[in-house]
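Have a look at the model first.

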Amino acid sequence: MRMDEDPRRRTGSNGTGTPVSTDGAFNLNGDMQHMTESLSAQAKSQYVEGRAARFAFRRFGTGTGVPLVLALRFRGTMDHWDPAFLDRLAAARDVIIFDNAGHSKSSGAAPTTMTDLAGGLLDFVDGLGLAEIDLLGWSLGGIVVQAAALARPGLVRRLIVAGS
């Protein structure tokens, strides 16, 4: 497993003078102090090699127990999760967010079917060497986590489908 920090961390403006970041260092109001206290905002982007892609991810939380892996909506990236939501989850457990193959900071070809999206999620989890996970899927991610759980029921301890 090969992991390293994201060398592309940078900030800019969204055209309204509000600071933005490619990896979530500011909130929508440009409130840097609030975000620097956030566990999820402090997490560094890392990378792991899968069979079909180099996956970008962030892992944060308690460092104990079965990790919760989150799958996002259509065309969503790990930067689209709400930091307040992530911090609530991370207060009680380990949380892992990632970009599926071909999305944002991850390499590889973008999946075109639900089966392929679930395969990307499973490839990512295998790259991390995880033997058991909990899955949370939001929107289209809810379909993806269901497909992943059906493909590998022994891997998934708990499944949460939200907004699907």
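Which residue just after α4 takes a positive phi? Glycine 129 does, at about 75°. Before going further, some ground rules: this is a predicted model, where local features need pLDDT of at least 70, side-chain atom pairs count only at pLDDT 80 or more, and totals for chains, interfaces and linings use all residues. Residues are numbered from 1 along each chain as its sequence is written, and side-chain values use heavy atoms, with hydrogens and water left out.

Now back along α4 itself. Helices here are DSSP runs of H or I with at least four residues, strands are runs of E with at least two, and both are numbered from the N terminus. α4 has 15 residues and spans 21 Å from first C-alpha to last, close to the expected 21 Å at 1.5 Å a residue (the expected span is 1.5 Å times one less than the number of residues). Its buried residues (under 20% relative accessible area; exposed is over 50%, partly exposed in between, with a 1.4 Å probe and protein chains only) include Leu117, Leu121, Asp123 and Phe124. Among the elements covering them are β3 (46-49), β7 (133-138) and α5.

Let's look at that last partner. The axes of α4 (residues 114-128) and α5 (residues 140-151) come within 8 Å and cross at roughly 70°; axes are lines fitted to C-alpha atoms, for helices over the stretch in contact, with angles from 0 to 180 degrees between N-to-C directions. That makes the two helices roughly perpendicular, the label for 65 to 115 degrees. In contact terms (heavy atoms within 4.5 Å), Met114, Leu117, Ala118, Leu121 and Leu122 of α4 meet α5 residues including Leu140, Ile143 and Val144. The residues of this contact split into twelve nonpolar, no polar and no charged.

Take leucine 121: leaving aside neighbours within four places in sequence, its contacts include Ala71, Phe98, Leu135 and Val145.

One last stop: serine 139, in the loop between β7 and α5. Its phi is near 60°, positive in a residue other than glycine, and serine 139 is partly exposed at 27% relative accessible area.

How values were computed
Parallel < 35°, antiparallel > 145°, perpendicular 65-115°, else oblique. Nonpolar A, V, L, I, M, F, W, Y, C, P; charged D, E, K, R; others polar.
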